[in-house]
Amino acid sequence: MTRFSFVLPALVGLAASVSTLALAQESGGNWAGAYGGVHIGYGMATDDNINTTGQLPNNIANVTSGARPASVSVDADGFVGGVALGYNMQSGNMVYGIETDIDLTDIEDSTRSNNVNPASTPPGAALINRYSQDLEYLGTLRLRLGMTVNGGNSLVYVTGGLAYGGVKNSANFSGANVTTPQFIGSNDETETGYALGAGLEHAVGPNLRVTGGYMYYDLGSNTVNVAGIPGVGVGGYNTKFDTSGHLLRAGIGYKF
């Protein structure tokens, strides 16, 4: 069972709630004050390349020959779900404030390449290279600036600020006709960066809000030392993973 086995029922429940709330009287002209909400959505990584360089001459030669690929592609994507808290101030139709949120994410992928090693014995034997990339959670602390429209019942906004997330990357490389790794490396760390986005909120009654938005996040790059296992692999490799992507989210909020 994945971290997001509950997503489909949650989507159905959210859609039903929004349909019911849409029948309520619209009276959301006052956006000032504290608010909170829940959301679900979908995320997709932007930089799909994982880049590797060798540490010693034999490792460098393997990368140059393509036995250990200098670059491979992954297609990390998945569902997200989380909570948000914020505070708005309002001057006329201008609304500004601060928001923090955190999501559990299922944005992950793994890949494998079997590459011919010209120097292998027997000639042409394949080297096996495995990679895995996973964003386990993502949080932000952002400023927001928006404008009310639709008679004050809707809010459009832009936002930007700090992002942080739990990043887990790994790589392991096996030799020709060898099933166990010769080189292995991984990390599991909290990385920081930035987030930018925009969104729309609509008042459904005096306190309830229906929300939707887009956000881009960038947590920078992280290099994993894929070290040789003593007695099996000589030297090592540096494999760089980039963590950035796009989020589309929808949810329900409540103005306290």
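Author: Let's settle burial to begin with: a residue is buried under 20% relative accessible area, exposed over 50% and partly exposed in between (1.4 Å probe, protein chains only). This is a predicted model, where local features need pLDDT of at least 70 and side-chain atom pairs pLDDT 80 or more, while totals for chains, interfaces and linings use all residues. Numbering starts from 1 along each chain as its sequence is written, and side-chain values use heavy atoms, without hydrogens or water.

Now the rings. Phe, Tyr and Trp rings (six-membered ring for Trp) pair when their centres lie within 6.5 Å, with planes under 30 degrees apart called stacked, over 60 edge-to-face and the rest tilted. By that rule there are 6 aromatic pairs. One of them joins Phe-173 and Tyr-237 edge-to-face, with 5.3 Å centre to centre and 80° between the planes. Phe-173 sits in strand E7 and Tyr-237 in strand E10 (residues 236–255), so this pair ties together parts that are 64 residues apart in sequence. Strands here are DSSP runs of E of at least two residues, helices are H or I runs of at least four, and numbering goes from the N terminus. Both Phe-173 and Tyr-237 are buried. They also belong to one aromatic cluster, together with Tyr-131 and Phe-183.

Another edge-to-face pair is Tyr-254 with Phe-256, at 5.7 Å centre to centre and 65° between the planes. Tyr-254 is partly exposed, because its relative accessibility is 39%, while Phe-256 has 58% and therefore counts as exposed.

At a relative accessible area of 18%, Asn-172 counts as buried. Beyond its neighbours within four places in sequence, Asn-172 is in contact (heavy atoms within 4.5 Å) with Ile-128, Asn-129, Arg-130, Pro-181, Phe-183 and Ile-184. Phe-183, you'll recall, is a member of the aromatic cluster.

Some rings have a charge over the face, which takes NZ of Lys or CZ of Arg within 6 Å of the ring centre and within 35 degrees of the ring normal. Arg-144 lies over Tyr-157 in this way, 4.3 Å from the ring centre. Arg-209 does it with Trp-31, again at 4.3 Å.

One stop between E6 and E7: Asn-150 is in the loop there. It isn't a glycine, yet Asn-150 has a positive phi of about 60°. Its relative accessible area is 46%, so Asn-150 is partly exposed.

Zooming out, the protein has 2 helices and 10 strands, in the order α-β-β-α-β-β-β-β-β-β-β-β. Of its 256 residues, 43% are buried. Among contacts between residues at least 6 apart in sequence, 74% join residues at least 24 apart.
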